[in-house]
Amino acid sequence: MFFYGIVKKILTMPEDPDVTSPNENERTTAMVSAVRRLLKPLVRLLIAHNITLPSLTELLKEVYVEVAEKRFPIPGKRQTDSRIHLLTGVHRKDVKKLRTERDRKPEQSARSSSLGALLVSRWTGDPRYLNDQGHPLRLPKNGEVSFTSLVEEISTNIRPRAVLDEWLRLGVVEVDPEGMVHLNTEAFVPEKGFEEKCFFLGENVRGHLEACVNNLQQEGPSEPERNVYYDGLSRESVNELRRMAEKEGMHVLQQINRRAFELQQEDKTNSEALYQMRFGLYWHQEKEEEEGE
């Protein structure tokens, strides 16, 4: 235990031993307070879907080990089970077991959801699939510019008919009496489909949190992360602001999407095209808590 304490102290020691981190206790307290607030809606979701604390604890072990291994290496040295144990507090036996199991099992992927997002991005960004006003065209099921061509440009491993049937089930598209396919919304937010909504929960919230963490840790250039907050509003006022946010926000999303598609086509031959981006929009409203809660 004495050796463990000495090694852990060395690992967490500032680069300059004469310089200590200012207000470290205050920083830790602020961090714990922030984590507590962001965990509350997550725990509400977990309880609602019967994911208990023991299950979450096992998942956290896996994530701690994975993040420590990938994001906290020592340059030029192999990441050992012992060091991951020191960084995370996960027992060495569990670290070894989790790393071995992860190497054996392929990572799960939400292929259908990510495919859907790519399809909608192209339908709302590629000029071939837009009308003169920049809105998504009604598409025939087959033809040179059609729902079939849209799917086959993204993936040849899935039948366009299967995508169409699934999107009809989810309410993403409609087929009119003339057999033309309409995109119901200009962003892929299924009205149904729990797995699809879970995929976007993971991707969108992860992207938002990554931006917050990068800014907090000062890792690279600052990333835009802003919102507008007002209290003391009536229900009518909140609804008016929500309609405004939906209209203006969708306009911005469409512009970013179309320009991103153009740049992606230009960058196909660029060997430095190694980056990805995510730009989002969210809205939340709730009744103010009673004083003292």
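Cys198 has a relative accessibility of 34% and therefore counts as partly exposed, a label for values between buried (under 20% relative accessible area) and exposed (over 50%), computed with a 1.4 Å probe and protein chains only. Cys212, at 27% relative accessibility, also counts as partly exposed. The structure holds zero disulfides, where a disulfide would be a pair of cysteine sulfur atoms within 2.5 Å. This is a predicted model, in which local features need pLDDT of at least 70 and side-chain atom pairs count only at pLDDT 80 or more, while totals for chains, interfaces and linings use all residues. Residues are numbered from 1 along each chain as its sequence is written, and side-chain values use heavy atoms, with hydrogens and water left out.

**Overall build**

- The protein contains ten helices and two strands, taken as DSSP runs numbered from the N terminus (helices are H or I with at least four residues, strands are E with at least two).
- Along the sequence, these elements follow the pattern α-α-α-α-α-α-α-α-β-β-α-α.
- Of the 293 residues in the protein, 21% are buried.

**Aromatic cluster**

- Two aromatic pairs are counted, under a rule that pairs rings of Phe, Tyr and Trp (its six-membered ring) if their centres lie within 6.5 Å, and calls planes under 30 degrees apart stacked, over 60 edge-to-face and the rest tilted.
- The rings of Trp123 and Phe147 have centres 6.1 Å apart and planes at 70°, so this pair is edge-to-face.
- This pair links distant parts of the chain, since Trp123 lies in helix α6 (residues 111-125) and Phe147 in helix α7 (residues 147-154), 24 residues apart.
- The rings of Phe147 and Trp167 are also edge-to-face, because their centres are 5.8 Å apart and their planes stand at 75°.
- Here Phe147 in helix α7 is joined to Trp167 in helix α8 (residues 160-170), 20 residues apart.
- Trp123 and Phe147 are both buried, and Trp167 is buried as well.

**Nonpolar surface patch**

- A nonpolar patch on the surface, including Met31, Val35, Leu201 and Leu216, has about 960 Å² of accessible area together.
- Patches are made of residues with over 30% relative accessible area and no salt bridge, with nonpolar side chains (Val, Leu, Ile, Met, Phe, Trp, Tyr) joined within 5 Å and like charges within 9 Å, where a salt bridge is a side-chain nitrogen of Lys or Arg within 4 Å of a carboxyl oxygen of Asp or Glu.
- Helix α2 gives the largest share of the patch, eight residues.
- Val35, found in helix α2, is partly exposed, with a relative accessible area of 33%.

Note on methods. Areas by Shrake-Rupley, 256 points an atom, 1.4 Å probe, with all protein chains shown as cover.
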